[in-house]
Amino acid sequence: MSAQLPPLSLLDLATVGRGQPISEALEQTVTLAQRADELGAFERLWFAEHHNMPRIASAATSVLVAHVAARTERIRVGSGGVMLPNHSPLVIAEQFGTLAELHPGRIDLGLGRAPGTDGATMRALRTDPGAAEAFPQDVRELQGYLAEESLVEGIHAYPGRGTQVPLYILGSSLFGAQLAAAYGLPYAFASHFAPDALEQAVRVYRERFTPSEQLDRPHVIAAANVIAADDSSTARAAEEKVLHARVRMLAGRVGSGPIDDDMVVALLDTAVGAQARHMLHHTVAGDPAEVARGLSEFAVLADADELMVTNPAPGLDQRLRTLEILAAL
């Protein structure tokens with residue numbers, strides 16, 4: 001690993017390609033996880049909770065974490081994150097406590113405050129729109145279940161109690177930074193799709209951090225998209241496909257109906273295209289030297305202790321090659 005780079009980790013959304021069976025996408029997720037595990041260069045592999053999104057197959061996050069952890073040996077596996085307002089803290093403690101008992105020392109629990117979906121899907125999830133307001137209290141309750149002493153009298157998580165599964169606060173705003181700092185927890189910023197508040201949030205987190213039993217000093221994880229190839233032209237072509245896929249996803253959300261390739265190209269010069277480019281602002285694409293340089297610059301910009309890499313290149317072969325190039329940096 002390059003001396004200029006902090007430790008690298010991976011975020012996988014279990015992406016489903018156009019026309020691809022979900023079962024095949026999940027098989028590819030396992031293949032990528034096993035290759036990352038074999039390479040030995042990555043700290044952790046996280047999966048994110050999203051709902052009602054046909055291109056993302058990680059909705060049942062704890063199930064996917066269990067499946068991948070059982071098929072890998074070394075790499076830490078966890079959530080990046082579980083959207084806590086969608087669940088009771090006790091249920092999450094039981095789920096991740098079970099995972100921790102099955103895979104000791106390998107399970108992470110990243111927590112987000114957003115619903116991971118739209119308002120209509122929130123209602124289908126039976127999520128109270130005001131549930132996010134209780135996020136700080138829910139994090140504390142969850143901590144208690146995973147520790148020796150529950151904050152709810154007479155209620156304990158079995159499994160879960162005493163497992164001390166490490167918690168991480170995820171965010172893309174100052175709220176998460178302030179909460180992580182106050183609770184003395186690691187902070188992961190979702191700069192792979194929400195770049196705007198990255199530098200300010202990290203600065204606030206570091207300035208206000210209070211040591212805790214879990215963590216004695218601030219730990220910042222910053223996320224970036226990486227598309228690595230043996231030559232620049234291959235990486236740039238893949239980057240263009242990633243941009244097109246993001247435009248297609250955003251346009252699909254506004255109910256535009258079927259979107260063919262010509263329509264995607266036309267949308268590149270609209271507000272949808274501008275939004276897609278903005279979301280992908282922190283994307284590093286290129287050959288090994290360019291990727292190493294880009295990640296090093298991003299780590300400095302983000303003041304990061306760890307980089308969380310998404311691997312959005314189209315096709316399993318390109319994603320595997322990205323992992324191999326990253327592992328060799």
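Me: In which strand is D108 found?

Reply: Please bear in mind throughout that this is a predicted model. D108 belongs to strand β4, which spans residues 107-112.

Me: Is D108 buried or exposed?

Reply: The general idea is to compare the relative accessible area with a cut-off: a residue is called buried under 20%. D108 has a relative accessibility of 0%, so it counts as buried. Leaving aside neighbours within four places in sequence, D108 is in contact with a list of residues that includes R44, W46, R76, F96 and Y168.

Me: How should I read the two faces of a strand, and which residues of β5 lie on each side?

Reply: In a regular strand, side chains alternate between the two faces of the sheet. In β5, L167, I169 and G171 lie on one side, while Y168 and L170 lie on the other, and all of them are buried. Both faces of this strand are thus covered, and the count for β5 is 5 buried residues of 5.

Me: In what sense does β5 pair with β4 and with β6?

Reply: One looks at the bridges between strands. β4 and β5 pair in the parallel sense over 3 bridges, and L109 has L167 of β5 as its bridge partner. On pairing with β6 (residues 187-189), β5 is again parallel, over 3 bridges; here L170 is partnered by A188 of β6.

Me: Where do residues other than glycine have a positive phi?

Reply: A14 has a positive phi of about 50 degrees and is located in the loop between β1 (8-12) and α1 (22-39). Q164, in the loop between α5 and β5, has a phi near 55 degrees. A14 is buried at 0% relative accessible area, whereas Q164 is partly exposed at 42%.

Me: How many salt bridges does a search of the whole structure find, and how should I read one?

Reply: The search finds 14. R321 and D230 meet through their side chains at 2.7 Å. This pair links distant parts of the chain, 91 residues apart: R321 is in helix α12 (residues 316-328) and D230 in the loop between β7 and α8. E324 also forms a salt bridge with R321, at 3.2 Å, but these two are 3 residues apart within α12, about one turn of the helix. Salt bridges that share partners join R35, E38, D230, R321 and E324 into one network.

Me: Finally, which residues form a nonpolar patch on the surface?

Reply: L151, V152 and I155 form it, with about 240 Å² of accessible area together. L151 lies in the loop between α5 and β5 and is exposed, its relative accessible area being 59%.

Conventions:
Residues numbered from 1 in each chain as written. Predicted model: local features only at pLDDT ≥ 70, side-chain atom pairs only at ≥ 80, totals over all residues. Heavy atoms only, no water. Patch = residues over 30% accessible without salt bridge, like charges linked within 9 Å, V, L, I, M, F, W, Y side chains within 5 Å. Areas by Shrake-Rupley, 256 points an atom, 1.4 Å probe, with all protein chains shown as cover. Salt bridge = Lys/Arg side-chain N within 4 Å of Asp/Glu carboxyl O. Helix = DSSP H or I, 4+ residues; strand = E, 2+ residues; numbered from the N terminus. Buried < 20%, exposed > 50% of the residue type's maximum accessible area, 1.4 Å probe, protein only. Contact = heavy atoms within 4.5 Å. Pairing = 2+ DSSP bridges.
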